[in-house]
Amino acid sequence: MLIREERAFAAKAVETDVPTAFLAYLDSSGVIFNGEGAVNGIAQYSKALKGGKDLLKWYPIIGHVSQGGDMGFTSGPFQFLADRAQDAVASGYFFSVWKKNAAGQFKVMLDGGVIHSQNATEAFQRDPEPQSNTAYAYILPTPKVTDSNPQPWKVEDAFLAVVGKDPGHAYKQFVADEVVLLRSDRPFGKTKAEALATVAQQPIQSYQFIRSGQGISKAGDLAYCYGKAKAVKGGKTVEGFFTRVWQHRPEGWKIVAEQVSLFR
């Protein structure tokens, strides 16, 4: 279902314009990221110019929905065209968290992503649009787990303590076998091995994640958080934003998706 919603969202942007599409699909409390941090998407896009020549094109290649069908996420490549009649000028991967509203409609609670700065067409070339329903990747729901830790925030705090000292060890300990881990200028990966390779290839000595918002599914099997990210890279601190999704699995809470975008 979320794959279908994401595709309809992208089609709306092509048929109309980017602000109109986001205003149609964002939740009233949905969050997007600008250069300053997380902001309300409806408020931001309500001020944006409609009918411009620019175009954001994207499509999903992976999705996941919670046990109760009320929350999930999608991800895939995007391209930005400053002018619809010209070539793309930027590309990368988007990451969206969806949640059903009171009317039972899926709306975007959070929209973020990472940029691939060296090639404006790389993401579409590397991950072409699936041509059948069976070609999409899915992170499957897990059996309902009953334990003494029904929410992930204690585990999140434990992860933060480790990732602040040894990112490689932290991700090895807390990442699930099936995971979407997004970093700028890095390939889209769907496995723990690919995620750990991405972490190992980045010269990050430590991360600091400052949570500013969170949410959890009705069944308590899926939760997300987002906020500011800081990383020590080459002895210097760079900042940006993050989104992280936890899934309650038989082996405990594990990270099944994470997007970190560092820009300064």
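Predicted model: local features only at pLDDT ≥ 70, side-chain atom pairs only at ≥ 80, totals over all residues.

**Stop 1: the cores.** Select Phe73, Val180, Tyr224 and Val245. These residues have the most contacts inside the largest nonpolar core, which has 28 residues. Now centre on Tyr224. Leaving aside residues up to four places away in sequence, Tyr224 touches Met71, Val97, Met109, Leu110, Trp153, Gly213, Gln214, Gly215, Arg244 and Val245. Next, pick Val163, Phe174, Val238 and Trp246. They belong to a second, separate core of 25 residues.

**Stop 2: the largest pocket.** Its volume is about 510 Å³. Select Phe33, Leu56, Asp111, Gly112 and Gly113: of the 22 lining residues, these are the closest to the centre. Then colour the elements that give two or more residues to this lining: helices H1 (2-15) and H3 (41-46), with strands E1 (26-34), E3 (55-58), E5 (71-81), E6 (90-100) and E7 (106-116). Which element gives the most to the lining of the largest pocket? E7 does, with 5 residues. By class, the lining divides into 13 nonpolar, 7 polar and 2 charged residues.

**Stop 3: the second largest pocket.** This one holds about 230 Å³ of space. Select Ser184, Gln202, Ile204, Lys233 and Leu262, which lie nearest its centre among 14 lining residues. Show strands E11 (204-216) and E14 (252-262), the elements that give two or more residues to this lining. E14 has the largest share, 3 residues. Colour by class to finish: 7 nonpolar, 4 polar and 3 charged residues line the second largest pocket.

How values were computed:
Residues numbered from 1 in each chain as written. Heavy atoms only, no water. Core = buried A, V, L, I, M, F, W, Y, C linked by side-chain atoms within 4.5 Å. Buried < 20%, exposed > 50% of the residue type's maximum accessible area, 1.4 Å probe, protein only. Contact = heavy atoms within 4.5 Å. 1 Å grid on protein atoms, 1.4 Å probe; cavity = no way out; pocket = protein on both sides within 12 Å on 5 of 7 lines; lining within 4 Å. Points joined across faces, edges and corners; volume = space filled by probe spheres on them. Helix = DSSP H or I, 4+ residues; strand = E, 2+ residues; numbered from the N terminus. Nonpolar A, V, L, I, M, F, W, Y, C, P; charged D, E, K, R; others polar.
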